[in-house]
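I opened the model and kept notes on what I looked up. The entries follow in the order I made them.

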Amino acid sequence: MTNPVQGAQVVGRVASLLRLVGRKPEGSSIAGLVRESGLTRPTVHRLLASLAAEGLLDHDARTGNWILGPEIFLLGSVAAARFPFEDIARPSLRRLAEETGESAFYSIRRGQETVCVMREEGSFPVRSFVLHEGVRFPLGVASAGTAIMSFLPEEEQEAILSGWDQHAGMFATGHREDVVRSNLGRTRLHGFAVNPGLVLEGSWGMGAAVFDQLGRPVGALSLTGIEPRFRPERQELLGKLLMEEAHRMSARLPAERATSPV
C-alpha cells in the first residue's frame, strides 16, 4: 500500500513544478526547475516525463524548455466557469487601459501569494514586462500584493510580517520590512498602492483591491509602466480610476465567490 505521506509529497512536488513552469509563457529549463524547486535533477526529470506522458506538460525541442501542455488548457477551460474573470474583470481592464494608456492587470489572492490571471495592453508604446499572466508574487510584494495585504485583518498582516524575509524570498532585498510596513500604511490611507520600482528598477505600478461580499480582499486591479508615467502629479488620477473600477468589480462578484476559500 502506498505511504500516504509519500503520496502527499509527490502531489506537492508535482504541483510545485506545474506552478514553476506556468510562471513564464516560454516555460523553464530543467536546470531552472531544479534550482527553483530544490529537488534533485533525477527527481525533476522523472516527474516532468510523467507529466508530459499525461499531456500536462510538453517539451519544446527548439528551446529545450518545459512548457504547459494541452491538458492544462482543457482543465483551465472547465475551471473558468467557476472564475468568471473574463465577464467581470475584462470590462474594467479595457477601460483602465484605454483611459490611461498603461497595461492593466487583474491578480487574485491564492494563499500567501498573488497570481496574475488577466491583462489588457495599453496604447503607450513603452511598457514594463514585469507582470503577465501566471506571474506569482508573495503578498505584500508589487502593487497588487500590497493592495490586497493592506486590507487584511491586522493579525494576518502581522503573521506575514513576523517572518517577512522568508515570506518575501528573493524579493526581500528590495522589499525591506520597514518599507513594506510604510507602503501598507499609505495604501490603507489613500485606498490604492504604489510600487516605486521595488521589483525592477524603473518599472512602477499602482493597484487597488477588489473585495468579496464579506469585505475580504480577494484580488486587485493594477497598472504598470515606466517611472515617468507614474509621477506624483498623475498618481491621484490613476488611483481614482483604479478604485472606481475595483469598486465596480467588487459589486459584480457573484455571491458564491464570497464564501470560496482563498
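**Entry 1: salt bridges**

I began with Glu156, which is partly exposed at a relative accessible area of 31%. For this term, buried means under 20% relative accessible area, exposed means over 50%, and partly exposed lies in between, with a 1.4 Å probe and protein chains only. The model is predicted, so I noted its limits: local features need pLDDT of at least 70, side-chain atom pairs count only at pLDDT 80 or more, and totals for chains, interfaces and linings use all residues. Residues are numbered from 1 along each chain as its sequence is written, and side-chain values use heavy atoms, with hydrogens and water left out.

Which residue forms a salt bridge with Glu156? I found Arg109, with the closest N and O atoms 3.5 Å apart. A salt bridge here is a side-chain nitrogen of Lys or Arg within 4 Å of a carboxyl oxygen of Asp or Glu. Arg109 lies in strand E3 (residues 103-110) and Glu156 in helix H7 (residues 154-162), so this pair ties together parts that are 47 residues apart in sequence. Helices (H or I, at least four residues) and strands (E, at least two) are DSSP runs, numbered from the N terminus. Arg109 is buried, with a relative accessible area of 9%.

Next I looked up Arg136, which forms a salt bridge with Glu113 at 3.1 Å between the closest N and O atoms. Arg136 is in strand E5 (residues 136-138) and Glu113 in strand E4 (residues 113-120), so the pair ties together parts 23 residues apart in sequence. Arg136 is partly exposed at 21%, and Glu113 is partly exposed at 25%.

I also noted the salt bridge of Arg176 and Asp178, 3.0 Å from N to O. Arg176 is partly exposed at 47%, and Asp178 is partly exposed at 46%. The structure holds 14 salt bridges.

**Entry 2: strand E3**

I went back to the strand that holds Arg109. Seven of the eight residues of E3 are buried. Which strands pair with E3? Strand E8 (residues 217-226) runs antiparallel to E3 and is joined to it by six bridges. E4 also pairs with E3 in the antiparallel sense, over seven bridges. Two strands pair if DSSP finds at least two bridges between them.

I followed Ala104 to both sides: it stands opposite Leu223 in E8, and its bridge partner in E4 is Glu120. The hairpin of E3 and E4 has two residues between the strands, and Gly111 there takes a positive phi near 65 degrees.

**Entry 3: helix H10**

I checked the length of helix H10 (residues 232-252). Its 21 residues should span 30 Å at 1.5 Å a residue, and the end C-alpha atoms are 31 Å apart, which agrees. The expected span is 1.5 Å times one less than the number of residues.

The buried residues of H10 include Leu238, Leu241, Leu242, Glu245 and Met249. I found that the buried residues of H10 pack against helix H5 (85-100), E3, strand E6 (193-200), strand E7 (203-211) and E8. Contact means heavy atoms within 4.5 Å.
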